[in-house]
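Q: Could you walk me through this one, starting with whichever residue you like?

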Amino acid sequence: MPVFPSEIDFLSLFECEPTLLDNLKDYPFYYNEETYKFSNNEEDFVISISPSYGEVKLQVTKCDSKKLLSLLDLKRVEKFEIKTNKKENSSVLLTVINECTHQTIEIDFKPTFKLIFKEQKSYLKKTRTIKDPRSFY
């Protein structure tokens with residue numbers, strides 16, 4: 001199950017109210033899709049988050065020219081961590097774990113946008129389960 005911050009943590013980090021895919025009153029935050037739109041005075045951000053599916057989509061454009069700077073569309077985020085959440089500084093760390101790789105994406109929103117992508121080989125042991133030991137021979 002993906003690990004994501006709470007609704008309150010996202011409100012504090014992005015400093016804006018999200019647009020919800022499902023506006024039903026009793027629909028839990030974790031199972032909804034939230035879209036946050038905000039700016040740091042140099043870049044505009046649009047972030048869509050679906051915690052239960054582990055999906056994160058980030059679009060960054062220049063404020064003045066609306067030129068696309070970055071587009072990140074992740075479908076298997078295992079962990080979304082808020083690293084820094086201050087008035088002048090905010091950053092997150094996303095972790096994606098696949099069979100062969102372990103990826104981390106560090107994103108700074110303030111004071112300016114920065115994205116650092118790292119990938120490492122995963123050394124997950126593959127084990128074979130034998131139900132009947134006699135069938136092995």
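**Loops, salt bridges and a patch**

Q: K66, buried or exposed?
A: K66 counts as exposed, at 54% relative accessibility, where exposed means over 50% relative accessible area, buried under 20% and partly exposed in between, with a 1.4 Å probe and protein chains only. Please keep in mind that this is a predicted model, in which local features need pLDDT of at least 70 and side-chain atom pairs count only at pLDDT 80 or more, while totals for chains, interfaces and linings use all residues. Residues are numbered from 1 along each chain as its sequence is written, and side-chain values use heavy atoms, with hydrogens and water left out.

Q: Where does K66 sit?
A: K66 is in the loop between β4 (55-62) and β5 (68-74), with strands (E, at least two residues) and helices (H or I, at least four) taken as DSSP runs numbered from the N terminus. Although K66 is not a glycine, its phi is positive, at about 65°.

Q: And which residue forms a salt bridge with K66?
A: That is D44, with the closest N and O atoms 2.9 Å apart; a salt bridge here is a side-chain nitrogen of Lys or Arg within 4 Å of a carboxyl oxygen of Asp or Glu. The pair links distant parts of the chain, since D44 is in strand β3 and K66 in the loop between β4 and β5, 22 residues apart. D44 is buried, with a relative accessible area of 18%.

Q: How many salt bridges does that rule give?
A: The count comes to five. One of them joins E15 and K110, whose closest N and O atoms are 3.1 Å apart. E15 lies in the loop between α1 and β1 (19-20) and K110 in strand β8, so this pair ties together parts that are 95 residues apart in sequence. E15 is exposed at 54% relative accessible area, whereas K110 is buried at 15%.

Q: What about the peptide bond from K110 to P111?
A: That bond is cis, with omega near 5°, and P111 lies in the loop between β8 (101-110) and β9 (114-121).

Q: Changing topic, what sort of surface patch do M1, Y27 and Y31 form?
A: They form a nonpolar patch, with about 380 Å² of accessible area together. M1 is in the segment before α1 (7-14) and is exposed, with a relative accessible area of 77%.

Methods:
Patch = residues over 30% accessible without salt bridge, like charges linked within 9 Å, V, L, I, M, F, W, Y side chains within 5 Å. Areas by Shrake-Rupley, 256 points an atom, 1.4 Å probe, with all protein chains shown as cover.
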